[in-house]
Amino acid sequence: GPAGPEVLMGQRHAKHRFMPDVMVFPGGRVDADDHRQPAGTELQPATRRMLERRATAGRARAIGIAAVRELFE
């Protein structure tokens, strides 16, 4: 981000049997369908540029779709 690196973490629900209330990194992966899904908006230019340092444009977009899907799941 503008002020430096940003890290996305989530807090597990208190009722989870495994590691309740613990802050964790989101898991997941890019699924094949993530390459074909429509998006409400496209990646912000700065985000797209950062992802495209190590990924193709199509893969960068799929990573964005996967991130949203994983947050929903």
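Where in the protein chain is confidence lowest, and where is it highest? Strand E2 (residues 23-24) has the lowest confidence, with a mean of 86, while H1 has the highest, at 95.

## Model and confidence

This is a predicted model, in which local features need pLDDT of at least 70 and side-chain atom pairs count only at pLDDT 80 or more, while totals for chains, interfaces and linings use all residues. Residues are numbered from 1 along each chain as its sequence is written, and side-chain values use heavy atoms, with hydrogens and water left out.

The confidence score here is pLDDT, the predictor's own estimate for each residue on a scale from 0 to 100. For the protein chain the mean pLDDT is 90, and 100% of the residues reach 70 or more.

## Overall fold

Let's walk along the chain. Its secondary structure comes to 2 helices and 2 strands, in the order β-β-α-α from the N terminus. The chain has a radius of gyration of 14 Å, well over the 11 Å that the globule rule gives for 73 residues, so it is more spread out than a compact globule. That radius is taken over C-alpha atoms, and the globule rule is 2.2 Å times the number of residues to the power 0.38. Helices (H or I, at least four residues) and strands (E, at least two) are DSSP runs, numbered from the N terminus.

Along the principal axes, the C-alpha atoms fill a box of roughly 40 × 35 × 20 Å. Of the 73 residues, 11% count as buried. Buried means under 20% relative accessible area, exposed means over 50%, and partly exposed lies in between (1.4 Å probe, protein chains only).

## Salt bridges

Side chains of opposite charge can pair when their charged atoms come close. The structure holds 7 salt bridges, each a side-chain nitrogen of Lys or Arg within 4 Å of a carboxyl oxygen of Asp or Glu. One of them joins Asp34 to Arg69, with the closest N and O atoms 2.9 Å apart. This pair links distant parts of the chain, 35 residues apart: Asp34 sits in the loop between E2 and H1, and Arg69 in helix H2. Asp34 is buried, at 1% relative accessible area, and Arg69 also counts as buried, at 18%.

Arg36 pairs with Asp33, their closest N and O atoms being 2.6 Å apart. Here Arg36 is exposed at 58% relative accessibility, whereas Asp33 is partly exposed at 42%. Arg48 and Glu52 meet in another salt bridge (3.4 Å, N to O); Arg48 is partly exposed at 34%, and so is Glu52 at 27%. Elsewhere, salt bridges that share partners join Arg29, Asp31, Asp34, Arg69 and Glu70 into one network.

## The largest pocket

The largest pocket has a volume of about 270 Å³. Of the 16 residues that line this pocket, Ile63, Gly64, Ala66, Ala67 and Val68 are the closest to its centre. On a 1 Å grid over the protein atoms alone, a pocket is an open set of points where a 1.4 Å probe fits, with protein on both sides within 12 Å along at least five of seven lines, and lining residues have an atom within 4 Å of a point. Grid points are joined across faces, edges and corners, and the volume is the space filled by probe spheres set on the points.

Helix H1 (45-51) and helix H2 (57-72) each supply at least two lining residues, and H2 gives the most, with 7. The lining divides into 10 nonpolar, 4 polar and 2 charged residues. In this scheme Ala, Val, Leu, Ile, Met, Phe, Trp, Tyr, Cys and Pro count as nonpolar, Asp, Glu, Lys and Arg as charged, and the others, Gly among them, as polar.
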